[in-house]
Amino acid sequence: METIIKIPIINGVYWLEIPEAKLQILCGCPADIVKHLMKRGLIIQREVDGVLCETGPNAILLSDVMIQHGEFSNLAEFPVLQMLYKQGLIIPNHPNNTGLKPLLIGLGEQVHAQMQYIFRGNYGLVTREEIEQAGIDPETAFEMMRLKKRFAFGQIKPSHMLLDSCILGRGKKEIRNGVEIERLAINQFEVSYRGTRVSVDLNLHGEDRYDPPYPLGFQSIPRDYFAVIHSGDGDGWDVNRPTMSSILLFQGKIYLIDAGPNLFFNLMALGIGINEIEGIFHTHAHDDHFAGITTLMRSERKIKYYATPLVRMTVEKKLAALLSLEENQFLDFFDCRDLPLDQWTDIQGLEVKPIFSPHPLETSIFIFRTLWSSGYCTYGHFADIVSLNVLEKMITDDAQAPGIKRSLFDKTKAGYLTPLNLKKIDIGGGMIHGSAEDFRHDRSGRIVLAHTSVGLTPVEKEIGSSAPFGICDVLISGKNDFARRLAFQFLQSHFPRVPFHHLRMLLNNDVVEINPGAVILKAGEVSSEVLLILSGLVEKIFPGENRLSRLMAGTLLGELSALTQVPSQLTFRAASYVSAMKISAGLYQQIVNKNGLVDQIERTATIRSFLESMDLFDEGLSHPVMAGIISRLTHRIIAPGESLPSQEIEFLNVIYRGKMRRFIGGDGLDQLEAGGFFGEEGAIFGVPSIYQVVAEEETEILQIRGELLKDIPIVRWKLIEAYKVRAMQTLCEGDPDHGFQWHEEFTVGIASMDVHHKRLFEIANSIVGILRLGQSKESLIGAMEALVEYTHYHFEAEGQLMQQYGFPRANAHVIQHQTMVRQVLDLQERAKGDSFMSHLEFQAFLQDWLVQHILKEDRNYMVFLNAKGIF
């Protein structure tokens, strides 16, 4: 028998099994990883002491970084549910319930993030106060908590009551039963047992992505006036189908209903690019409806986010926990449009009404309608719902006990059975999902049954239909030419000063459909036409580099080659069904020449080609957006041995040619070459940089103001990924001589406050760096201003939290804050004068001012707030 069995699962994920130690470790847990384990036979059904249950992992090794290639690396919600319920580790009297809890292994930050994310995934909003913050009246909030506790069997349990943890630091750490693990580098680990060693690398390399567990064919979707594309009818355990979701088409616009795992691949199979999506309607925050939310952040504009305040707040808290962000940063990526419960909201002719749906966490079902000849045409999306039989058993006359009133049951039943033209329902069964039988007498025109991992039974087939991936229910057929209307909008954005009659000449060309996999233009060929992509995705392949990026709707393909008759340097290939307007090269040349645009296009194309060769700008940005960035960037030459003035924190700096080296406290960290960037800390996130970047040879940089990038979600998302890695390297693993390190004992047990404290540490470290290196007074003043500003923000938020929940020492704590504010304001004034303390004196000040306050005072409210369910 092998001492340690190692099995690759997908890119960046492994299975380690140590049979003698009874330890099965899932190394890495991106979305839908349970389905991959099922397909590999590592989760199977078996009988234990007469009880049918599943096998599977009993420990999870977490990635050091939460995001890789734009996707979540750690989503332990479903693997933990599989352990607790399908393996039986939490079920009373189950033979597998031996008292041993599922184990999370990893850096403290990632373990704590997963604990909090799982907690929010289980329960959503966890107090009446949180529910009331969403605009719910106190009486209704009380009733919602009664329902929530009934689903939770009377008690909302923090994650540490369900899970164990193994926090990694420096050196080896025992996991269980003599199995040891050592963290060697970022995402690289060595597991040892009785002399056998196995290495694990959780990094995604090159073009690696987390693959979906199921193959999907390609579909060409007609853009009808009012239609529903069924983009998923499975559940979180279905190995062959995407989870329940739909895509709503209305007047040429595309709206998603929920964002499940593998959303990017699902949309690509349907020929839909991220930039084509107008908005998302979100039912709730369970992972099978939430895990794809990062895909929607990879757009060049903020996608509209439609949900009730209850659901939005739950999503904000869950996402903030995952990424160690502040909850209000959700607004950096989405254009949030709150929907009132039980009321119709008109969205440019598409009306929507969210209805409260009883579920373990805040959930809405949606009814959509639009005017048509016979009145309203309607669609209902009912995910997730609970069976009426289960719900009725929750009715209790005890107004204080977990449960519901008869009135809520009656209202819920009436909402479920509202007659509609088309209704899609969750029939997943069990304690928290619906039953087809409840809809046997439903008078809706067509019922679609979904949210199940098994086929429909004969009884269910009597009640409703199935709708495999890509099936389209057309409620109102389209008569307008949405493609040409879209083409005109794109051309107008490309050429805002070109007269309409010239744009109409360009529009008088054929719209063609290109099959998936077709090569559109090869490197070395001269383009005979310019293609305006209207829908779908096109791969841009860099010859000899084993690298590609993706172009989306609104992009002009082959433009420079067609204008200059120079062969293309890249190959372009359809990644899905692609709809494009084929504009003849001759006509395009004449229109461009008549409007004097040739020089501008050629000049812009050179810089654009360089930026698009970078991972930061290689995906999801249309030519007009790139042109807006390029037109406002500035060039800067840095001589060897020189660095940028540290007060220039408003720029993201991109190296165009040359080499620079990044230093912290005099120690070299890494070398940056063409395509490298720095300065995102200040330009995007408002934190003064702790690094000094010095030119090793004459270097030309492109300076892009942060304000140009802050509202481009995909760029901001990629910068967060890079920033998080660098922050972890310095804050958690850096040299203590260069500033403050974050340690486990600094955690106060409240996720939002830990995020604030880490940000204060980052700002403090930037001041230490400025003082160590003797940088300019302007740099010091700017950093002190950031410290004062964030101190005010943090103390106000912390004070509100304590007072909201009635912490007995809140007033005394606020008085301490006032004293601390005066101290840091005095320090700010000293920074403006001729003398200031050394970096060592400043570190001593911060040790008393911040560190001791966290350890002695802030930890006092931890126990109080944790007891109220706030973590």
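**Core, contacts and pairings**

Analyst: Leaving aside its neighbours within four places in sequence, Phe842 is in contact with Ala764, Ile767, Val768, Leu771, Leu787, Leu827 and Met837, where contact means heavy atoms within 4.5 Å. This is a predicted model, in which local features need pLDDT of at least 70, side-chain atom pairs count only at pLDDT 80 or more, and totals for chains, interfaces and linings use all residues. Residues are numbered from 1 along each chain as its sequence is written, and side-chain values use heavy atoms, with hydrogens and water left out.

User: What makes Phe842 stand out in the largest nonpolar core?

Analyst: Phe842 is listed with Leu611 and Phe617 as having the most contacts inside that core, which has 190 residues. Helix α23 (residues 777–804) gives the most to this core, with 10 residues. A nonpolar core is a set of buried Ala, Val, Leu, Ile, Met, Phe, Trp, Tyr and Cys residues joined through side-chain atoms within 4.5 Å. Helices (H or I, at least four residues) and strands (E, at least two) are DSSP runs, numbered from the N terminus.

User: Why is Thr294 called buried?

Analyst: Thr294 has a relative accessible area of 0%, and buried means under 20%, with exposed over 50% and partly exposed in between (1.4 Å probe, protein chains only); the value of 0% therefore makes Thr294 buried. Thr294 lies in helix α8 (residues 293–296), and beyond its neighbours within four places in sequence it is in contact with Gly70, Glu71, Phe72 and Trp717.

User: What joins the side chains of Thr294 and Glu71?

Analyst: The two side chains are joined by a polar contact of 3.0 Å. The term stands for a pair of N or O atoms within 3.5 Å; within protein, one must be able to donate a hydrogen and the other to accept it, and residues adjacent in sequence count only if both atoms are side-chain atoms. Glu71 is also linked with Arg298, Asp615, Asp618, Glu619 and Lys718 in a network of salt bridges.

User: How do you know that Glu130 and Arg120 meet in a salt bridge?

Analyst: Their N to O distance is 2.9 Å, and a salt bridge is a side-chain nitrogen of Lys or Arg within 4 Å of a carboxyl oxygen of Asp or Glu, so the pair qualifies. Glu130 lies in helix α4 (residues 128–133) and Arg120 in helix α3 (residues 108–123), so the pair ties together parts that are 10 residues apart in sequence. Glu130 and Arg120 are both buried. A search of the whole structure finds 49 salt bridges.

User: What makes Arg705 and Glu650 a link between parts of the chain?

Analyst: The side chains of Arg705 and Glu650 meet in a salt bridge with an N to O distance of 3.7 Å. Arg705 lies in strand β42 and Glu650 in the loop between β36 and β37, so the pair ties together parts that are 55 residues apart in sequence. Arg705, at 35% relative accessibility, counts as partly exposed, and Glu650, at 33%, counts as partly exposed too.

User: How do you know that β37 pairs with β42?

Analyst: Six bridges join strand β37 (residues 651–657) to strand β42 (residues 699–705), and the two run antiparallel; two strands pair if DSSP finds at least two bridges between them, so these two pair.

User: Why are β36 and β40 called edge strands?

Analyst: The open sheet has four strands in the order β36-β42-β37-β40, with antiparallel pairing. The strands β36 (634–638) and β40 (677–678) each pair on one side only. Helix α17 (residues 598–612) packs on the sheet, touching β36, β37 and β42, and its direction makes about 100° with that of β37; axes are lines fitted to C-alpha atoms, for helices over the stretch in contact, and angles run from 0 to 180 degrees between N-to-C directions.
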